[in-house]
Amino acid sequence: MSLWTDFLGNRGRRPIHKWTHYFPIYERHFEPLRNRSVTFLEIGVGGGGSLQMWKRWLGPLAVVVGLDVRPECKGFEEDQIHVRIGEQKDISTLSALVDEFGPFDAIVDDGSHVMADVTASFDYLYPRMATSGVYLVEDMHTSYRRAYGGGLRQEGSFIEYSKALVDRLNAHHIRKGVDPDAFSDETWAMHFYDSVVVFERGPRRPRHAMHSDPS
Ligand SMILES: C[S@@+](CC[C@H](N)C(=O)[O-])C[C@H]1O[C@@H](n2cnc3c(N)ncnc32)[C@H](O)[C@@H]1O
C-alpha cells in the first residue's frame, strides 16, 4: 500500500496533519526503509496519527519515536511507538533521545517550525544519524514568515541556512572561502521541494573524473 493510500484511509483513527504534496516526497525518500529494522524519529507528535501512519507503512521491524513538548502526547505510545517529552532545541533532550534510540535512520521535523528550534535540532541530530540517514524538514514556508523567525533572505531562516549548506556540500571544489567539514564529508545529497528540505547522508568517496572513449 502506498503511504498516500494509507493516509486517505485514515478515517476514525487519530488525526494526521500533512500537506498532500508531501506524500510523494516521503515515498521517494523513505521507501527504502520499509520492512527493515529502522529507527524513525518525528519531531512534533500532534494528535498521534502520523506516528501510527509511519508504523503501519514502515512495517513490523520499525521503531517509531515521537518528540513533543506536550506531556499528553505520552498517551500515544503503543507497541513500536515511543514518545518522549521535551523541547526540540534542548540539547539534553536530544542527547537523551540519541542515547536511547539512536542512531536514527530517518528524522522528520514537524515540530515548532521556529527557525532557531529547527536549526538547533538539525545541528545536533544530523551528525549523529546513521551514515545513510535521511533528515526531512517540513513546513518550511515558515522560513518566509516573520512569526517563525523567517523572511525572504532572512539570515537565520532554515532555507537560508540550507542554501549555505549547499556550499558546504561542494566545499571540496571551492578553492578558497569554504573549508570542507564533517557535513561536506558525510552528506550525499540535498533536495529542495516546495516547503520541504531533505538531506541524505552518505560517506564521501574519492571522486574521479573519467572519460569513456567509444572508439
Ligand atoms: C503540526 S503538529 C505535528 C503534527 C504531526 N506530526 C502530524 O503529522 O500529524 C506540531 C507539534 O509540534 C509540537 N511542538 C511545538 N513546539 C515544539 C517544540 N519546541 N519542541 C517539540 N515539539 C514542539 C506541538 O506540541 C505539536 O504537537
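**Sheet, core and ligand shell**

Q: What is the order of the strands in the open sheet, and what makes two strands a pair?
A: This open sheet of seven strands runs E3-E2-E1-E4-E5-E7-E6, with mixed pairing. Two strands pair if DSSP finds at least two bridges between them. Strands are DSSP runs of E with at least two residues, helices are runs of H or I with at least four, and both are numbered from the N terminus. The model is predicted: local features need pLDDT of at least 70, side-chain atom pairs count only at pLDDT 80 or more, and totals for chains, interfaces and linings use all residues. Residue numbers start from 1 along each chain as its sequence is written.

Q: How do you know that E1 and E4 pair?
A: They share four bridges, in the parallel sense. Pairing takes at least two, so E1 and E4 qualify. Ile43 has Asp109 in E4 as its bridge partner.

Q: Which residues have the most contacts inside the largest nonpolar core, and what makes it a core?
A: A nonpolar core is a set of buried Ala, Val, Leu, Ile, Met, Phe, Trp, Tyr and Cys residues joined through C-beta atoms within 7 Å. The largest has 46 residues. Phe40, Leu41, Ala106, Ile107, Tyr135, Leu136 and Val137 have the most contacts inside it. H3 gives the largest share, five residues. In soluble globular proteins, nonpolar side chains tend to be buried together.

Q: Why does Ser195 count as partly exposed?
A: Ser195 has 18 C-beta neighbours inside 10 Å, so it falls in the middle class. Its loop joins E6 and strand E7 (196–201).

Q: What makes the phi of Ser195 worth a look?
A: Phi of Ser195 is positive, about 75°, although Ser195 is not a glycine. Most residues other than glycine have a negative phi, and most peptide bonds are trans. Gly102 and Pro103 are joined by a cis peptide bond, with omega about -5°.

Q: How many residues in the shell around the ligand are nonpolar, polar or charged?
A: Five are nonpolar, nine polar and seven charged. Ala, Val, Leu, Ile, Met, Phe, Trp, Tyr, Cys and Pro count as nonpolar; Asp, Glu, Lys and Arg as charged; the others, Gly among them, as polar.

Conventions. Buried ≥ 20, exposed ≤ 12 C-beta atoms within 10 Å, placed from the backbone.
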